[in-house]
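User: Pick one part of this model and give me a close look at it, please. I'd like it as one connected walk-through.

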Amino acid sequence: MKRFQSLEGKVTTEIIESFQIVWDHLGLPGSWWTGEERIGIASEVRKSNPRKLWENVGELKNYAKDSDEILSPYVKAVVRIVANETSKIDQQIYGEIIKSIGEDKYAELAALVSQVIARSSFCDALGIEREELPEPKEGDPRFERPHGLVDGVAFLPTFSADDLPHVAVSLSLAQADNARRMLLVRAMYSGSSFGEMVWEHRNLTRPQIELVAARTSALNECFY
Amino acid sequence: MLLSSSSAAIDKTINVSDAVNGNGSDVGIPSSEQLIAFTEAAHRVDETLSAARENLSAAIGEKGMIDAAITAAVFRSLNIAADSSGIRIDDEWEEIATHLAMETSADRFPTVANSPNIENRIHSINHG
């Protein structure tokens with residue numbers, strides 16, 4: 001069966017194409033994780049979603065950082081916190097994670113989680129079967145870090161926001177994955193009309209869309 | 001913030017607190033109750049989701065329901081990007097964010113700490 005065929009006719013071509021681009025890159029070596037590790041991160045996101053109310057990661061220090069598996073228990077726990085308990089990430093937890101895996105790996109991990117969640121949550125909401133994850137491709141990460149980063153926008157260093165909302169540059173340390181994440185945002189949310197208060201490119205009115213957005217953010221305890 | 005702005009653009013006054021905390025009956029946007037029930041159920045992915053999906057489709061059509069699913073999914077993704085990175089509220093949104101936080105009690109969320117200017121503004125208003 002053709003990928004994302006179940007969505008044809010239900011969503012815009014732009015959304016299907018953005019899912020396709022995300023999926024095409026998910027299993028490729030990234031900037032700091034191998035393809036196998038990236039699929040491991042995606043797999044952990046999906047295994048832990050939807051989260052049961054009683055499932056909490058707890059303290060990260062309780063998880064082993066060494067393992068023979070593709071991802072250590074510690075990294076899997078970080079994935080689950082980012083995916084399901086994001087509002088718990090304060091400066092202290094962030095600092096602990098960075099001390100263990102570094103800013104670059106953390107940014108790429110978070111950008112991957114945000115891409116996988118967009119697709120999985122959509123399928124779950126509609127009761128559509130989740131797409132199989134792609135096969136990982138061999139190869140080394142590129143070990144690249146972008147230039148021109150600034151402090152002061154987020155815990156993580158980011159590109160300067162200039163005229164963009166902070167959320168657009170939030171994970172720009174993982175430049176390529178942040179760009180793909182924002183491709184999803186453009187396709188699934190604003191199109192080219194973010195600054196306009198009356199939208200005609202969606203089936204809901206903009207106030208109805210912002211109502212769903214506001215309640216979703218409240219459920220996730222996201223102040224931003 | 002954009003909920004208020006987009007409603008004002010079509011001359012609608014909305015109850016933001018009900019949008020964030022209530023069942024939607026007083027929000028002032030068409031089909032708010034069904035939209036909120038669906039958003040809540042999509043977040044939990046529990047046995048109420050199927051009925052919430054049907055109720056929303058009956059109110060605004062299948063395409064509208066799918067649009068709500070798209071929105072809930074992309075905002076969960078945006079919430080993850082925002083709070084995993086620890087971004088603060090944008091400078092130009094600080095004033096309105098302060099007032100909306102007080103109106104909706106959103107300053108109870110732990111991630112308000114990522115925007116210390118907002119915390120300070122709320123403290124100043126509450127304590128003179």
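Analyst: **Where the chains meet, and a helix to follow**

In this predicted model, chain A puts 61 residues into the contact and chain B 57 residues, with two residues counted as in contact if their C-beta atoms, placed from the backbone, lie within 7 Å. On chain A's side, the elements giving two or more residues are α3 (73-84), α5 (103-126), α6 (166-169), α7 (175-190) and α8 (206-219). Helices here are DSSP runs of H or I, at least four residues, numbered from the N terminus. The top contributor on that side is α8(A), with 14 residues. By class, the side splits into 39 nonpolar, 12 polar and 10 charged; Asp, Glu, Lys and Arg are charged, Ala, Val, Leu, Ile, Met, Phe, Trp, Tyr, Cys and Pro nonpolar, and the others, Gly among them, polar.

Some housekeeping: residues count from 1 along each chain as its sequence is written, and chains are lettered from A and ligands numbered from 1 in written order. Local features need pLDDT of at least 70 and side-chain atom pairs 80 or more, while totals for chains, interfaces and linings use all residues.

Now for α1(A), residues 13-26: its 14 residues reach 20 Å from first C-alpha to last, close to the 20 Å expected (1.5 Å times one less than the residue count). Ile15(A), Ser18(A), Phe19(A), Val22(A) and Leu26(A) are its buried residues (20 or more other C-beta atoms within 10 Å of their own; exposed is 12 or fewer). They sit on the same side of α1(A) because they cover an arc of only 100° around the axis, taken from the directions from the helix axis to the C-beta atoms. Thr13(A), Gln20(A) and Asp24(A), on the other side, are exposed. Among what covers the buried residues are α2 (35-47), α5 and α7 of chain A, plus α5 (62-85) of chain B.
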